[in-house]
Amino acid sequence: MVSALRTDPFAGAILQVGVLAALAGTVGLSAYGWLAGLLFGVVTVAALGYGLRRSGADRLGPADWVTLTRATLAGGVAALTVDSFREPIVVPVLVVLSAVALSLDWVDGQVARRTGTVSALGARFDMEVDSFLVLVLCGYVADQVGAWVLVIGAMRYVFVAAGWVLPWMRGSLPPRYWRKVVAATQGIALAVVAAGVLPRLLAVAVLVGALAMLVESFGRDVAWLWRHRVPSRRRPVALPAAPVSPAPAGHRSEWAPGARIAREPAEVGGRRP
């Protein structure tokens, strides 16, 4: 019998194919749209399976299934966005998929807390789905307001990439409710602009405001990480040679390098939640 560890992520692939098939049967989907949606589904299955193995979990929790549903909807949005580069699409369908995915972002958090299944994997999965959906929506509305809007979708990925170069950027950040508000605002603003119900000037103003909130939030996090970074270890100062009695066995001298290191602050691990 195949274990739940293997079947749970693949259930997401089945759901993704179902969403794409529904789109193809109703509003139509080109080969490029299919390819984009399926590629996202494959990446999701691979990443989720890897995350389960790393976390030691044997199956997805209740909230993870809600997030997986959101991921399949985001894959549908990606497929429609790719099609929009070639020909007009049915915009209300894209907006509805985006709105449902954004609404379920609140649901999966509630499910996780009420079922006591909050986990690091679930939080990371939720964050990655949010980031991808925002990036895809930025790609769709770029034709309306300009390519500059892609900065909104790319900012979180730039933050992660910076951590590969700057170790102090990989520190753990304290929980902050405002960060969640800012993240939700990006998705809502992009979905409203994607609906095409706002004049271009007002749509630009809405997205500029959303971008300003995002810059402030990331800027505050970067400043916090900089202030709490671990200073480089100082090289021990050489002391004048003096005849001293050897320390008794099992005793560590006060000037031993290990004693100095032990008194230095430990490096904060982890990543941005």
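**Notebook: helices, core, cavity, one arginine**

I counted nine helices and zero strands in the protein. Helices (H or I, at least four residues) and strands (E, at least two) are DSSP runs, numbered from the N terminus. I note that this is a predicted model: local features need pLDDT of at least 70, side-chain atom pairs count only at pLDDT 80 or more, and totals for chains, interfaces and linings use all residues. Residues are numbered from 1 along each chain as its sequence is written, and side-chain values use heavy atoms, with hydrogens and water left out.

**Overall**

I looked up burial next. Of the 273 residues in the protein, 38% are buried. Buried means under 20% relative accessible area, exposed over 50%, partly exposed in between (1.4 Å probe, protein chains only). Then I checked contacts (heavy atoms within 4.5 Å). Among those between residues at least 6 apart in sequence, 79% join residues at least 24 apart.

**Core**

The largest nonpolar core has 55 residues, and Leu94, Val141, Val145, Val149, Leu190 and Leu207 touch the most other members. Such a core is a set of buried Ala, Val, Leu, Ile, Met, Phe, Trp, Tyr and Cys residues joined through side-chain atoms within 4.5 Å. α5 supplies the largest share of this core, 13 residues.

**Cavity**

I found one cavity of 30 Å³ or more. A cavity is a set of points on a 1 Å grid over the protein atoms alone where a 1.4 Å probe fits but cannot get out; lining residues have an atom within 4 Å of a point. Points are joined across faces, edges and corners, and the volume is the space filled by probe spheres set on them. The largest cavity holds about 40 Å³. Two or more lining residues come from each of α1 (4–26), α2 (31–55) and α3 (62–84). α2 gives the most, four residues. Gln16, Phe40 and Leu68 are among the lining residues. By class, I get five nonpolar, five polar and no charged residues.

**Arginine 156**

Arginine 156 sits in helix α6 (residues 150–165). Is arginine 156 buried or exposed? Arginine 156 counts as buried because its relative accessible area is 11%. Its side chain makes a polar contact with the side chain of glutamate 128 at 2.9 Å. I used the rule of N or O atoms within 3.5 Å; within protein, one must be able to donate a hydrogen and the other to accept it, and residues adjacent in sequence count only if both atoms are side-chain atoms. Not counting residues up to four places away in sequence, arginine 156 touches Arg124, Met127, Glu128, Ser131 and Phe218.

Key. On a 1 Å grid over the protein atoms alone, a cavity is a set of points where a 1.4 Å probe fits but cannot get out, and a pocket is an open set with protein on both sides within 12 Å along at least five of seven lines; lining residues have an atom within 4 Å of a point. Ala, Val, Leu, Ile, Met, Phe, Trp, Tyr, Cys and Pro count as nonpolar, Asp, Glu, Lys and Arg as charged, and the others, Gly among them, as polar.
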